[in-house]
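Please open the model in a viewer and keep the selection panel at hand.

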Amino acid sequence: MTGTDSIRSKVVVITGGARGIGLATAVALAKLGAKIAIGDIDEKTVKESGTDYDFDHYGRLDVTDQQSFTTFLDDVERELGPIDVLINNAGIMPTGRLVDESDQITRRILDINIYGVILGSKIALTRMLERRHGHIINIASLAGETHIPGLATYNASKHAVLGFTDTLREEYRGTGVEFSSVLPTLTRTELGSGVAAPKGLPAAEPEDIAAAVVRLIAKPKAKARVTRAAGAMSVFVNLLPQSVGDALGRSMGSAQTFLDDVDSEQRKAYEERIRND
């Protein structure tokens, strides 16, 4: 069995699976015959998405709570069997200058984007190591390879996810468990609502990220950058002298993208939802 045929019947858990990249990934994998479990802190929406797409398991999941994560994975394994793939997708991306970011929002970014990934990986990895089989895929960002004004805390969180995932790949080499990072560019989801893409680098669609995840599961590797053009630009900029790379970013409107051109009303609505989660 080769290629996407190997995805059939795999048990796949996706956090933040009620909408956006998580939902697109769940749909793509379900079409290939995977058994899909989506979890999300938005209980209403995760039930709607689970019902609409007839996923195998769905329910509320708080990735920052150990009991919630453990119980969710226990329920999945009891109903569907051992987990083959965990996709740590849940994340938030408030924008703006650091001094305008409340401590509550800062902590929430770090709790979800970093601690949630570490916690989920730890719980799933313990189970996978016993079977000497499994794949943990962490949705990071191209922001984890660069620095973007207006995303200081988010950038920090995604740098952390990349370092964490790379370290696990070496720490557990030879155990039968694979580790991968997905690095999307700005994607057309609620996460990036009210934000315009930088010049020359169109935003990706959730389905683009889902397709990259499908390829990773079929043929594991360390990283997948999406889109290809944005990924190539990220790698290229990191090879340049700092002053040149920074100037190139400014010329493409990186500061405007997440500071000046952000829809303030959409940003406020998004941050209010985060506070209420």
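**Before selecting**

This is a predicted model, in which local features need pLDDT of at least 70 and side-chain atom pairs count only at pLDDT 80 or more, while totals for chains, interfaces and linings use all residues. Residues are numbered from 1 along each chain as its sequence is written, and side-chain values use heavy atoms, with hydrogens and water left out.

**The whole chain**

Of the 277 residues, 51% count as buried; with a 1.4 Å probe and protein chains only, buried means under 20% relative accessible area, exposed over 50%, and partly exposed in between. Among contacts (heavy atoms within 4.5 Å) with a separation of 6 or more, 68% join residues 24 or more positions apart.

**The largest nonpolar core**

Next, select Val-12, Leu-29, Ile-36, Ile-87, Ile-137 and Val-182, which have the most contacts inside the largest nonpolar core, a set of 28 residues. A nonpolar core is a set of buried Ala, Val, Leu, Ile, Met, Phe, Trp, Tyr and Cys residues joined through side-chain atoms within 4.5 Å. Two or more residues of this core come from each of strand E1 (11-15), helix H1 (20-31), strand E2 (35-40), strand E4 (85-88), strand E5 (134-139), H6 and E7. H6 gives the most, with six residues. Apart from this core lies another, of 27 residues, including Leu-73, Leu-86, Leu-168 and Val-177.

Centre the view on Ile-137. Leaving aside residues up to four places away in sequence, Ile-137 touches Val-85, Leu-86, Ile-87, Asn-88, Ser-180, Val-182, Val-213, Leu-216 and Ile-217.

Move to Ile-209 in helix H6. Ile-209 is buried, at 0% relative accessible area. What does Ile-209 touch, not counting residues up to four places away in sequence? Its contacts are Ile-21, Val-182, Pro-184, Thr-187, Ala-204 and Val-226. Val-226 is 17 residues from Ile-209 in sequence, and their C-alpha atoms are 6.5 Å apart.

Then select Val-76, in helix H3 (residues 66-80). Val-76 likewise counts as buried, at 0% relative accessibility. Residues up to four places away excluded, Val-76 touches Val-11, Val-13, Ala-37, His-57, Gly-81 and Ile-83.

Select Ser-9, in the segment before E1. Ser-9 has a positive phi of about 75° although it is not a glycine, and is partly exposed at 43% relative accessible area. Asp-54 also has a positive phi, of about 55°, without being a glycine. Asp-54 sits in the loop between helix H2 (43-52) and strand E3 (57-60) and counts as exposed at 65% relative accessibility.

**Aromatic pairs**

A search of the whole structure finds two aromatic pairs. Rings of Phe, Tyr and Trp (its six-membered ring) pair if their centres lie within 6.5 Å; planes under 30 degrees apart count as stacked, over 60 as edge-to-face and the rest as tilted. Show the side chains of Tyr-53 and Phe-55: this pair is stacked, at 5.7 Å centre to centre and 15° between the planes. Tyr-53 is partly exposed at 44% relative accessibility, whereas Phe-55 is buried at 5%.

Turn to Tyr-172 and Phe-179, a tilted pair with 6.3 Å between centres and 40° between the planes. Tyr-172 is partly exposed, at 21%, and Phe-179 is buried, at 1%.

**A pocket lining**

Finally, select Ala-212, Arg-215, Leu-216, Lys-219, Lys-221, Ala-224, Arg-225, Val-226, Thr-227 and Arg-228, which line the second largest pocket. On a 1 Å grid over the protein atoms alone, a pocket is an open set of points where a 1.4 Å probe fits, with protein on both sides within 12 Å along at least five of seven lines; lining residues have an atom within 4 Å of a point. Helix H6 (206-218) and strand E7 (223-226) are the elements that give two or more residues to this lining.

How values were computed
Helices (H or I, at least four residues) and strands (E, at least two) are DSSP runs, numbered from the N terminus.
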